[in-house]
Amino acid sequence: MNAQNPLLARWDAPSDLPPFASVKTEHYQPAFDVALREHDAEIAAIVDNPEPPTFENTIDALELAGQTLNRIGGVFWNLTGTDSTEELRAVERDLSPVLARHFAAISLNPGLFARVAALYEKRETLALTGEQARLLELTYKSFIRTGARLEGADRARYAEIAERLASLEMEFAQNVLADENDYLLELDEADLAGVPEDVKASAAQTARERNASLPYAMTLSRSVVEPFLGHAHRRDRREELFNAWIARGEHDGATDNRGLTAEILALRDERAKMLGYTTFAAYKLEPTMAGKPEAALDLLDKVWKPARAKAGEERQALQTVADAEGANFRIAAHDWRYYAEKLRLSAYAIDQSELSGYFQLEKMIEAAFYCAERLFGLQFAPRPDLPVYHPDVRVFEVLDRDGRHLAMFLGDYFARPGKRSGAWMSNFRGQKKLGGEVRPIIVNVMNFAKPAPDRPTLLSLTDVATLFHEFGHALHGMLSDVAYPSMSGTATPTDFVELPSQLYEHWALRPEVLEKFAIHHETGAAIPQDLIDRVIAARNFNQGFGTVEFCGSAFVDFLLHSRAAPPRDVVAAENGILRDIGMPSEIVARHRTPHFSHIFAGDSYAAGYYSYLWSEALDADGFAAFEETGDIFNPEVAQRLHDYVYSAGNQRDPNEAYALFRGRKPEFDALLRKKGLA
């Protein structure tokens with residue numbers, strides 16, 4: 001089987017992209033079996049080495065171990081997110097506990113930890129470079145944080161918890177995907193009164209693809225739900241779609257996530273306490289920029305009060321609009337976006353459906369590339385000759401300012417069945433120098449509504465921000481220039497990793513960019529200056545709503561993971577938290593716990609959803625460095641941004657990295673000024 005398994009074959013240069021067309025579901029399990037055995041042998045060779053531990057025979061060797069496993073995993077985990085099938089999900093269910101058991105065995109290996117600890121204890125005598133010293137510290141602390149000091153029954157229990165959590169988190173993600181895939185709201189022409197033509201065209205395309213009995217159909221993809229909620233005149237249809245959207249994972253049946261969330265929280269709490277922490281939040285924040293739960297909570301509190309006050313003003317303004325139209329009701333959560341669009345039109349003469357005509361997907365991709373060229377000298381060459389995992393995916397070879405190969409970039413922009421919701425950046429291969437230069441293969445995944453073949457893809461301002469956001473993450477991966485794979489690219493604390501992405505959003509709506517790339521899809525005319533002025537004037541419109549919606553989820557995440565005893569009824573606990581902070585009844589938290597994949601489909605952002613807000617404070621302060629020069633592409637500032645943020649991975653403490661870029665510590669008041677909440 002190995003000789004015929006494309007996952008185990010050599011992948012051809014120069015792109016080194018996987019041979020996607022040759023990979024079948026049945027190839028994954030045997031390929032993982034081979035890779036796991038190989039990784040076990042590599043770890044055993046480190047542990048059994050008769051030579052005293054050195055940086056090279058222990059830390060370097062650990063960094064180089066598992067390359068086959070990483071390569072195969074890069075293909076598998078990317079495709080389970082973008083093109084999942086029931087067969088692939090079955091493999092995922094089998095693999096998740098096996099992989100958790102494998103990595104727990106490594107972190108709990110006493111011989112391996114003894115070698116790492118011996119080096120750490122004499123680190124001052126090893127004459128290490130700054131990057132090596134940072135890696136040794138991170139490696140040692142990672143072993144501590146994953147149970148290396150536990151003994152006896154605690155070690156066995158830790159491994160059990162790791163295995164069980166992997167299965168629960170995978171099941172949570174699969175349940176959310178199933179709810180999103182299975183839902184279809186069929187509509188007729190009258191139901192779509194007020195809805196923009198591009199959204200109608202997408203709904204018609206969905207109806208055809210899903211063999212609906214009515215001419216239009218809506219899924220639960222955010223890229224179609226939000227425009228429908230903002231424009232559909234039929235209040236009952238808005239309510240129906242909204243209620244389905246917020247109820248993913250919260251219902252009786254096979255895909256009910258409520259019990260899973262309770263067990264996940266309980267196991268995380270047990271694990272944190274085994275390691276000596278009072279709560280999971282305390283455990284999770286230790287290696288972050290915030291450092292302690294109190295710092296993250298202080299930021300949330302600082303933003304929450306003015307945001308809630310602003311949302312109250314917005315609510316009253318929307319109610320006034322509704323009352324003027326003769327509405328005999330108090331606006332509800334499914335009304336907010338609808339009346340906000342009416343108010344935006346009357347206050348700023350901005351019609352989102354008209355505005356989207358200037359934001360074509362192809363032009364916005366060009367705009368993102370243009371900014372990367374101006375800032376970092378990058379060039380993007382289309383490579384339609386290279387293999388892709390789906391016909392919608394496009395490939396670019398990324399070159400540096402001297403024309404040298406830097407990375408491969410894949411763009412996967414459209415929603416489809418089998419793709420999980422949201423938007424993200426990932427990689428098929430990370431960057432490293434150890435053992436030979438390896439350049440990254442990066443992918444951006446979106447869920448924009450795919451139009452009919454004869455129509456362009458038109459984006460909302462939110463979609464444009466999302467595209468730039470994820471491309472900022474992509475640049476963080478593509479520009480990485482570090483020696484060690486575990487510190488490359490986006491392998492940084494979550495409250496720093498969102499800085500490159502959120503900072504990049506600032507360029508999306510700058511006049512210098514809009515006048516070049518915001519081109520009307522029918523007339524070919526550039527966006528008028530007066531419309532640019534109105535867009536900029538309205539940049540903080542509905543900011544109270546957006547901030548409250550986000551902070552509601554951030555508080556829920558943080559406080560659920562901060563309890564002395566985890567709740568048995570997570571939805572009841574969620575509702576209690578929202579009640580205690582004074583969540584307006586007309587606003588629903590951005591992510592309800594039964595579908596809060598950021599924190600329950602894995603623990604990367606668990607007790608860390610606040611990170612977006614923390615990084616937003618950094619990005620507001622960071623972009624000011626360009627504004628202060630009068631040039632948003634200032635080459636000196638861009639060079640510092642490249643050297644200390646985008647290319648630096650995790651080779652230095654993120655607080656130090658930011659100070660080197662900015663010349664000082666961040667000023668968090670910049671966040672309130674950016675949001676218009678100061």
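Modeller: Here is a walk through the cavities and their linings. This is a predicted model, where local features need pLDDT of at least 70, side-chain atom pairs count only at pLDDT 80 or more, and totals for chains, interfaces and linings use all residues. Residues are numbered from 1 along each chain as its sequence is written, and side-chain values use heavy atoms, with hydrogens and water left out.

A cavity here is a set of points, on a 1 Å grid over the protein atoms alone, where a 1.4 Å probe fits but cannot get out, and lining residues have an atom within 4 Å of a point. Points are joined across faces, edges and corners, and a volume is the space filled by probe spheres set on them. Counted that way, there are 4 cavities of 30 Å³ or more.

The largest cavity comes in at about 100 Å³. Its lining has 15 residues, with W245, I246, E549, V588 and A589 nearest the centre. Helix 10 (235–246) and helix 21 (543–560) each put in at least two lining residues, and helix 10 has the largest share, 3 residues. Helices are DSSP runs of H or I, at least four residues, numbered from the N terminus. By class, that lining splits into 8 nonpolar, 1 polar and 6 charged, taking Ala, Val, Leu, Ile, Met, Phe, Trp, Tyr, Cys and Pro as nonpolar, Asp, Glu, Lys and Arg as charged, and the others, Gly among them, as polar.

The second largest cavity has about 50 Å³. Around it sit L265, R268, D269, F280, L560, H561, R563, A565 and P566. Helix 11 (residues 258–274) gives the largest share of this lining, 3 residues, and the classes are 5 nonpolar, 1 polar and 3 charged.

Terms used. On a 1 Å grid over the protein atoms alone, a cavity is a set of points where a 1.4 Å probe fits but cannot get out, and a pocket is an open set with protein on both sides within 12 Å along at least five of seven lines; lining residues have an atom within 4 Å of a point.
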